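Biologist: Please take me through this model one feature at a time, giving the general idea before the particular case.

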Amino acid sequence: MDKNALKQLDNYNGTQAYTRLRPYSMVASDGAIALAQAGECFWLLGEIAGAQILPQIRDDHSLQGLQFWTLTPNGKGAVLICERDTDDMAWSKQIPFTDFPFDVMPVVKIWVAPTTLREGDVMVAYLPSEH
C-alpha cells in the first residue's frame with residue numbers, strides 16, 4: 001500500500017489512456033488505476049463495474065449520464081454508495097472487510113460517466129479531479 005501516492009491523487013487531471021476493466025464493458029482512467037494500485041483496491045473498481053448490470057443502476061435513466069460513487073469506512077469494513085446527485089442514493093452495498101487506509105483518505109470518491117472509444121460506447125470510472 002502506497003500511502004504517499006494516495007495523498008497525491010488530487011494531482012490527476014485528465015487521462016492519457018484508459019484501462020479496460022475486464023470482463024466488464026467499462027474502462028478506468030489513469031487516476032482511478034492509480035487509486036487502485038496505491039490503495040490496493042482493484043476490488044473497488046470491480047464492485048463498481050459489476051454493479052453497472054444491476055437493475056437499480058442499469059435501468060435508472062438518471063445514472064446513465066453521471067454516477068457519484070463513494071466508499072466510506074464502517075467498522076472493519078466499508079459502505080459503497082452510488083448517488084444520482086448529492087444525497088440522492090440509488091444503491092448501496094456493505095463491504096464486510098477492507099484494509100483500505102481510511103486514515104490517509106477518509107472518503108474515496110469515484111465518478112462514472114459514458115464515453116465513446118474506437119470500440120464503442122463504454123462507462124469510464126475516474127477521479128473527481130479528472131472531470
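**Reading the sheet, the rings and the pocket**

Biologist: Which strands does helix 3 lie across?

Modeller: Helices (H or I, at least four residues) and strands (E, at least two) are DSSP runs numbered from the N terminus, and contact means heavy atoms within 4.5 Å. Helix 3 (residues 42-51) lies across strand 2, strand 3, strand 4 (77-85), strand 5, strand 6 and strand 7, and runs at about 55 degrees to strand 6. Such angles, from 0 to 180 degrees, are taken between the N-to-C directions of lines fitted to C-alpha atoms, for helices over the stretch in contact. This is a predicted model, in which local features need pLDDT of at least 70 and side-chain atom pairs count only at pLDDT 80 or more, while totals for chains, interfaces and linings use all residues. Residues are numbered from 1 along each chain as its sequence is written, and side-chain values use heavy atoms, with hydrogens and water left out.

Biologist: What is the order of the strands in the sheet?

Modeller: Two strands pair if DSSP finds at least two bridges between them. Here seven strands make an open sheet with mixed pairing, in the order 1-2-7-6-3-4-5. Strand 1 (19-20) and strand 5 (88-95) are the edge strands, each pairing on one side only. Helix 2 (residues 30-38) also packs on the sheet, where it touches strand 1, strand 2 (26-28), strand 6 and strand 7 (120-126), with its direction at about 75 degrees to that of strand 2.

Biologist: Where are the hairpins, and what lies in their turns?

Modeller: Strand 3 and strand 4 form a hairpin with two residues between them, and glycine 75 in the turn has a positive phi of about 65 degrees. Seven bridges join this antiparallel pair, and leucine 71 stands opposite leucine 80 in strand 4. Strand 4 and strand 5 likewise form a hairpin with two residues between them, the turn holding aspartate 87 with a positive phi of about 60 degrees; in this pair isoleucine 81 faces serine 92 in strand 5.

Biologist: How many bridges join strand 3 to strand 6?

Modeller: Five bridges join strand 3 (residues 67-74) to strand 6 (residues 108-117), and the two run antiparallel. Tryptophan 69 stands opposite isoleucine 110, and the bridge partner of phenylalanine 68 in strand 6 is tryptophan 111.

Biologist: Why is the ring pair of phenylalanine 68 and tryptophan 111 edge-to-face?

Modeller: Rings of Phe, Tyr and Trp (its six-membered ring) pair if their centres lie within 6.5 Å, and planes under 30 degrees apart count as stacked, over 60 as edge-to-face and the rest as tilted. That rule gives four aromatic pairs. The ring centres of phenylalanine 68 and tryptophan 111 are 5.1 Å apart and their planes lie at 85 degrees, so the pair is edge-to-face. The pair links distant parts of the chain, 43 residues apart.

Biologist: Which elements give two or more residues to the lining of the largest pocket?

Modeller: On a 1 Å grid over the protein atoms alone, a pocket is an open set of points where a 1.4 Å probe fits, with protein on both sides within 12 Å along at least five of seven lines, and lining residues have an atom within 4 Å of a point. Helix 1 (3-7) and strand 6 are those elements, and the lining includes Leu6, Lys7, Val108 and Lys109.
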